[in-house]
Amino acid sequence: MRAFKRHWIRIVATGVVVLLALLHATSIAPVESLARLDARLYDTRLQFSMPRSLDERIVIIDIDEFSLNRLGQWPWGRQRTAALVDELIERQQVSALGIDVVFAEPDHTSGLRELQALARTQLANQSGFQDWLARETPRLDNDAILAAALKNRPVTLGYYFTSDRGGRRVGTLPAPVLRSEAEVSMPGLLHWDGYGASIAPLAAAAPHAGFFNAISDPDGTVRSVPVLAEFQGAFYESLALAMLRQSLGQPPLQLERADPGEATSPLAGIRLRTDAQDLRIPVDSRATALVPYRGLGGPKGGSFQYISAADIIDGSLPASSLKGKVALLGFTAPGLMDLRTTPVGDAYPGVEIHANLISGMLDGRLARLPDYANGYEVMSILVVGVLLAFGLPMLPMALALVLGLLAAVAWLGLNTGLYLWAGLALPQATVLVMVLAALALNMAWGYCVEGRAKRELAQLFRSYVPPELVRQMLRSPEQYTMQARTEELTVMFCDMRGFTTLSETMEPRQVQALLNTVHSRLTEVIRAHNGTIDKYVGDCVMAFWGAPVPAPDHARLAVEAAFAIMKATRALNAERSEAGLPALSIGIGLSTGQMSVGDMGSNLRRAYTVVGDAVNLAARLEGLSAVYGVDIVASTTTKAQAPDFLWQELDRVRVKGRAQAVHIHTLRLREEGGDPQALEQEMALWQQLLVAWRSGDMDECEIKVNALRKLNPSYGLYQLYAQRIITHRQLPPPPDWDGTTNFEAKY
């Protein structure tokens, strides 16, 4: 009792943590971040337990870049798809073929429609043409050719359901697998009001079809797919389930409820029974199943054999190479937009999601979220929470740390074991965060008074400066303040060129991922060079050197950071090139001078930032980098304080908002393996050109710029001046011109 009285505040505080966890688990006050963490923990378990082996029972016929280059852009004529079907069924002898494609419109590529129109109009009286058209129609009717290839074949067509205000419906749906009659009622199933399916002749020829909808979680990741869906009082099966049933001889569906004795109980599983197999597919109340990913996706992922569709159509694959296998026809070509974000990859082929589901259903390897998951989570919070509330405050600091860590490890171990051996994907983030939060609360209690000044200082500056500088500041916290003061600093503006144009071609999630990647890379470089992040503005990053920790060599650090950013950009572009993505271009502006630095803003929002003429100049110089065809533009003051680098003067300019002209410079790098003498010759010629330029001697300028373009033909700066010389010949500058370039607009 005495111990309770001494530690009652900590016990109550820990109890509050437990209460908050319960409010989330019971959905009274759900916390979105905990749900996201639960999803990430599930992803980690999935990645840890993946077989990472080849499933030889399933093969993916890939409409890839090679196929498109060889056979033409998609969509192909239906006669080519028919040839593909014939080859797979007849010569390769696959047991089942699933087509992850919708043929929603008739194929008019053969010109038959136009010929028939002529037969009805201009050539209606031409019996010879009419006879020829009657003979040639079977050869020209691509849809009929494909329908004939599908008829009486083990082929499953794909289609999709939609939910939108219009309820648009295209094509012909297959017959449902179940009717929602009195004996079949499934509360909780996903409902749809529209669909996109293949045209009637193809749907009639291949009556077996399955929808290929996937469900993206709030973070955009596909972790589960619906196995059954309800539409207008009928139940339809997914592409994976339809193919599985086709490969097993079309066994009927047996639905299992969470409570077998209750007619309105939600769905818990689907059973397929044949003479040789008894397969159970666990699903949740929405009839969705967790996708049992085998490994990394794509042709090099190692989970499934990928064969280019071009090789199948060409007949280059030996006969019977795919005998008895389940084949899926789908896309991996990036331009066809069938790539999804999954727990095991951000550009995962959609067709392989179905392959994973078929593989998992055959092996009984589908994890499930049981209907008692919420009750399990609540009971776990209560048991573990009571242990922590009365255990942590009573123990010495070291033992309390051991108890908290053991509780976290034990909890993760229990849930991992249930996942691996029982296939239960139970929630674990809430208990884990509760344990860590209670541990942190109790560990921090002993330090609530000691080092208060240091902690406050670290809190103020942690988001602005690298951890190394924070640690340095903590040695003498009294020397640092957020109060505004005037200092000589170096500021950098770093912007992604052409981002607006690039973003217009991307999905919002892709734009977000690109910005996060670029900002992360730039932040790492800036922090590695002891820079202070000021702010992110769209695709622009602003940073400065010399505050809050003084740095006499702030200009040198900023220049080195600029070099490192360009190196990081080249590395990022190499990665994007491998992924088939366009390269990114970065522009950097550097300026050194007196500026005000401190905590500025309003009562509602403040930031540790810099303001002043030198800051505005840096922003303008960044914009000029694209004009002069260089990556880095710096002011004369920055150049003067970083003399150890090789500088090239670009121009004398007068930027908008600044009456005084400034000289601007860029950095040249003696690349490894280059010719130093050639670079020195180039720099000397350039200085001569600038002298001639400012004196208005365009003839001499032209001689120099032509020589420079021969030495360095790809350098945008020389191309710019060559164009300027032409312009000045056509429109000579005024008599008082001194070579200064005026920029009236912001760049």
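## Charge over a ring

The charged end of R724 lies over the ring of Y721, 5.0 Å from the ring centre. Such a contact requires NZ of Lys or CZ of Arg within 6 Å of the ring centre and within 35 degrees of the ring normal.

This is a predicted model, where local features need pLDDT of at least 70, side-chain atom pairs count only at pLDDT 80 or more, and totals for chains, interfaces and linings use all residues. Residues are numbered from 1 along each chain as its sequence is written, and side-chain values use heavy atoms, with hydrogens and water left out.

## Aromatic pairs

Rings of Phe, Tyr and Trp (its six-membered ring) pair if their centres lie within 6.5 Å; planes under 30 degrees apart count as stacked, over 60 as edge-to-face and the rest as tilted. The count is 21 aromatic pairs. W74 and F331 are edge-to-face, because their ring centres are 5.2 Å apart and their planes stand at 80°. This pair links distant parts of the chain, 257 residues apart: W74 is in the loop between α4 (65-71) and α5 (78-91), F331 in strand β17 (residues 326-331). Helices (H or I, at least four residues) and strands (E, at least two) are DSSP runs, numbered from the N terminus. F331 is buried at 8% relative accessibility; buried means under 20% relative accessible area, exposed over 50%, partly exposed in between (1.4 Å probe, protein chains only).

Y160 and F212 form a tilted pair, 6.1 Å centre to centre, with 45° between the planes. Y160 is partly exposed at 31%, whereas F212 is buried at 14%. Ring pairs also join Y159, F161, W192, Y195, F211, F231 and Y236 into a cluster.

## Second largest pocket

A pocket is an open set of points on a 1 Å grid over the protein atoms alone, where a 1.4 Å probe fits, with protein on both sides within 12 Å along at least five of seven lines; lining residues have an atom within 4 Å of a point. The second largest pocket has a volume of about 1,300 Å³, the space filled by probe spheres set on the points, which are joined across faces, edges and corners.

Its lining has 41 residues, with D38, D284, L369, A425 and P427 nearest the centre. The largest share, seven residues, comes from α3.

## A three-stranded sheet

Strands β8-β9-β15 form, in that order, an open antiparallel sheet. Its edge strands are β8 and β15. Strands pair if DSSP finds at least two bridges between them; β8 and β9 have two. I215 stands opposite S224 in β9.
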